[in-house]
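Please walk through the two chain interfaces described below, with the structure open beside the text.

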Amino acid sequence: MKVNLKVWRQKNNNAAGKLVEYGLDNISPDMSFLEMIDVLNGELTRKGDEPVAFDHDCREGICGMCSMYINGRAHGPQTGATTCQLHMRSFNDGETIIVEPWRARAFPVIKDLMVDRTAFDRIMQSGGYVSVNTGSAPDANEIAISRTIADEAMDAAQCIGCGACVAACKNASAMLFVAAKVSHMAVLPQGQAERSIRAERMVAQMDAEGFGACSFTGACSVECPKSISLDHIARMNREYLGAKLTSENV
Amino acid sequence: MAPNQLSTMELQSKVPAGPLPEKWSRHKFALKLVNPANKRKYDVIVVGTGLAGASAAASLAELGYNLKAFCFQDSPRRAHSIAAQGGINAAKNYQNDGDSVFRLFYDTIKGGDYRAREGNVHRLAEVSVSIIDQCVAQGVPFAREYGGLLANRSFGGAQVSRTFYARGQTGQQLLLGAYSALSRQVANGKVKLYPRTEMLDLVMEGGKARGIITRNLVTGKIESHSGHAVLLCTGGYGNVFYLSTNAMGSNVTAAWRAHKHGALMANPCFTQIHPTCIPVKGDYQSKLTLMSESLRNDGRVWVPKSKEDAQKIQKGQMKATDLKEEDRDYFLERRYPSFGNLVPRDVASRNAKYVCDEGRGVSKTGLAVYLDFADAIKRDGQKTIEAKYGNLFEMYEKIVDDNPYETPMMIYPAVHYTMGGLWVDYNLMTTIPGLYALGEANFSDHGANRLGASALMQGLADGYFVIPYTVGDYLATIGPADKVSVDSPAFKQAEKRVSDQVQRLLSINGTKPVDEFHRALGLIMWDYCGMSRTAEGLKKAKVMIQALKKEFWTNVRVTGDNEEMNQALENAGRVADFIELGELMVDDALNREESCGGHFREEHQTEDGEALRNDDDYAYVAAWEYTGENQPEVLHTEELVFENVKLTQRSYK
Amino acid sequence: MSWVTQTLSSSLGRKVIMSLTGLFLSSFLVIHMAGNLQLFKSDEGRAFNEYTYFMTHNPVIMTISYLLYTSILVHALMALILTRHNKSSRPVDYAFKRPEANSAWSSRNMGILGTVLLIFIVLHMRTFWYEMHFGSVPMAEYDGKQYKDLYKVVLVAFSQWWYVLIYVISMAALGYHLVHGFQSGFQTIGLRHKKYTPLIEALGTYVFAILIPALFAAMPIYIFLKANNFIG
């Protein structure tokens, strides 16, 4: 099949960028979207042009590295999938495909389709952990955790940190990402000791990074490759308010 | 010419004497300790932030050392440990089904076809129990029973249920646990993180590892980092085959450059080929996706009996479901009546290759076999099968666009894990003082073949429970003053070496993109140093690799500059190292005149085509020493001593 | 008290203010609605005028009404602050977006809907509230007691078709605003539960987004038809 690509090209964070058109023939419908970009990059390199820079690593939908805003949607038209899991059979022969980087103040563009998502790491550093030193843990079966709670925690914990929630949100809000971690730790007994301080610090860091507020449009959850539920955002709100009203941190 | 002269240099494994179960305790007591007040005077460098790297960096920082952690990804959380699906073994014996530390030790040694060190493997089994405790305390949401206690499953044909899991995302959850511990230490100011930074050289002085040279992948800046010790936690080298289940960025560069400074590379030819991957579709393919091994519990593997039927299927003139029962060959069940479809990974893989080589493979490429669930669905109902494998079937359908409930799945083996790696002693130190290798980057625990759910266990064992003890011994020995400044000539020379190589790659200005060399290398490795190897093929491969290397350095095209994000440049450096490693793997495979685990030499098989080990001549670790550009590497051997297990030949008939 | 300002200036705190003021305003709609049903009585406006007298003279109601005015202002002001912040969170926008694929139109356009409603409220208050308090409203006498005849003002206002049209459009905006806003208010303060959220959603949709705006819109239409003698 043939595709007509419009790809965002930007040399670096300071340079101006623009959409550049490329035509590709002989694309197999079985190719993944990233393999299609590989083909484009091969052609560009042979011509002596610079290949398109884009983040990717595991190519099986779990590392969260691949991004790309494709035809107006985070990770493209398929739901519950990352860009590496998107295949060209999802597009029509001859279709024009617009590819842009994630757009958010907190995710500055590094080059072309590649953005800096270290804001997520800083949010995690602000409280996304249980303070337990290596070697000090009790026997794993000493704490019984009901299956429902374990499942609820896992639903949240499976976030891959890709940033599609931010990219899809009209406010570039990171609520779903932060909520997934706050919620994961809040439901588990292991997370109780730092429950309040975690919610307070992670929200404060989220704000400091320049993400927007939540408008509850639900776009984040729809575009999330792991379909993480909005329930977790509600839980974070509850955790945060509860913490602010009752914690000892004035 | 294959270098096969045995050097006289003796490799000191440093496995302590004494009864097997007491070795580690005794050793821990014998190790020197660093005074708590002195720990902050030591700087430790950790390269790679997967399970081994993140757990090591966090644990050492908790002790009080100053850490620098490096990864090429944009965040430590993306290291490829994240992709492990199945689970993690631990000898908890929660199921009361006869598991024990000794049984896990025994299974691991046996599964590794008796090519691993007893002492290391026993320690691994011992600390496995603490890993689960640690991870649960961190909040890792392992699967649970209704009563709230941890659930286990049997994995990879094990006789006991000792595998802990978090849905099909165990690696992800364990890595996020280690990453959270690491994040906490970053917040504490004890770890400085360097994401999007790649190690390009090791700095040596006075015979010790003194630090590393890195390239900032965003700005291209070449930087020096000095430390008292350097830990390589950089994973395996499966991407030497180009197509593998590894992440695109997984590479051997850090380990290989350390190798060039004198760290021996052990058993590089030991690679694991996983039987249940989604087959290659076309030459554009960049990556292979693993389907969980558990599928073989219910799926039946078959190909058409006749070549003619297979050809019709390949051409699309016939469908799998059209083929009558008597025209199908359930080759694993036929050849291994007692284990059937559940034979170990290497056996299943090799047999799939044989039937495809005979021309009986399916799919357009002829490189696939069926994994059929029709009988299981008939027996248990679609609901049951869906509950067990629903997410895997969905994943398959997403990639292949084919419904496995209706037509049989197609699978083919793919490179998955490398048992070989940098040679390390019992302390995980390489042959370079101060340089350590952890996790898949070292060779130590899996012998010639790794058991399912054991990679995660080893990565975390090394990082949480081994290195915090052993690195202290070295640091206490050298003292805090024994450190080299980044302004010293050793660092300046190393920086220049790195810059020179970068400039050289950029200035070749040939015609072929880097990927094409990588693909070519991968094909050579897969054809001649893959599931089945012959002396003739390996010799041919060596010549081909040498020619490829020559062409690479005269005809590769790397666009752009150093001073920017330049993925082609990153890849070029990695592929250059893979080419050299490929040659060493071929040498190693040629040297090992036996078949064991993942290494199958066609010359060494039993009458009915099974692997034939040679314990008299090859019960050793083959550790290779780099001697210079285009010089043959020198082989050193470490004899493996088995005091607690009896060496037996595997049989699955 | 730094924790109070800190909380209220966080993105979550601001949303909580939006939620609490919004839910309060929603509850007021129910009261306002119930009271204004008097307009449908065919008693020349007596019940309506007695109701307005009560509303403007009861001290409890008067206190609440000032809380209400403040809520409107705070809700609008906070919306402005949040919108500015949200816009600045994405300084460079996408060249091509397909938001309809992942979210409802109303949820993405609360600002526009809110602006329409604010303009409406200003107009509404100018016509009735201002006249009632500061204008010259004719008087009516029931049982020897003097009442301001706001009903007359209503009749005059709603006898003009364009004025009725503004009301009907505004009530449509109210419906869209509430179909998202009502349940969003609960989400923001964390009130979400498998058992109760469906109730909240149903209440928000059928009562607050459909029934109440429809009844409000019915009033000017009814008066218009009556004033122009289309109905008796």
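How many salt bridges are counted between chain B and chain A? The count is eleven. Keep in mind that this is a predicted model.

The side chains of D401(B) and R89(A) form a salt bridge, with N to O at 3.6 Å. Two or more residues come from each of α2 (51-63), α4 (118-138), α5 (170-187), α11 (382-400) and α12 (455-478) of chain B. The largest share is that of α5(B), with nine residues. Sorted by class, the side of chain B that touches chain A holds 30 nonpolar, 25 polar and 20 charged residues.

Next comes the extent of this interface. Chain B puts 75 residues in contact with 78 residues of chain A. About 6,300 Å² is buried between chain B and chain A, and carbon and sulfur atoms give 50% of that area. Within chain B, the residues that lose the most area to chain A are R78(B), Y284(B) and K398(B). Together they account for 11% of what that side buries.

Turn now to chain A and chain C. Here 48 residues from chain A and 37 residues from chain C make the contact. The buried area is about 3,500 Å², with 56% from carbon and sulfur atoms. R103(A), F216(A) and K244(A) supply 18% of the area that chain A buries against chain C, more than any other three residues.

Which side chains meet in a salt bridge here? They are those of D231(A) and R192(C), at 2.4 Å from N to O. The count between chain A and chain C is one salt bridge. Polar contacts across this interface come to 26 residue pairs, both at pLDDT 80 or more.

The side of chain A that touches chain C draws at least two residues from each of β5 (95-100), α4 (164-168), α6 (195-208), α7 (219-223) and α8 (231-246) of chain A. Its largest share, ten residues, comes from α8(A). By class, this side of chain A, the one touching chain C, has 28 nonpolar, ten polar and ten charged residues.

Methods: Residues numbered from 1 in each chain as written. Chains lettered and ligands numbered in written order. Predicted model: local features only at pLDDT ≥ 70, side-chain atom pairs only at ≥ 80, totals over all residues. Heavy atoms only, no water. Contact = heavy atoms within 4.5 Å. Buried area = accessible area lost by both parts, 1.4 Å probe. Salt bridge = Lys/Arg side-chain N within 4 Å of Asp/Glu carboxyl O. Polar contact = N/O pair within 3.5 Å; in protein donor to acceptor, adjacent residues only side chain to side chain. Helix = DSSP H or I, 4+ residues; strand = E, 2+ residues; numbered from the N terminus. Nonpolar A, V, L, I, M, F, W, Y, C, P; charged D, E, K, R; others polar.
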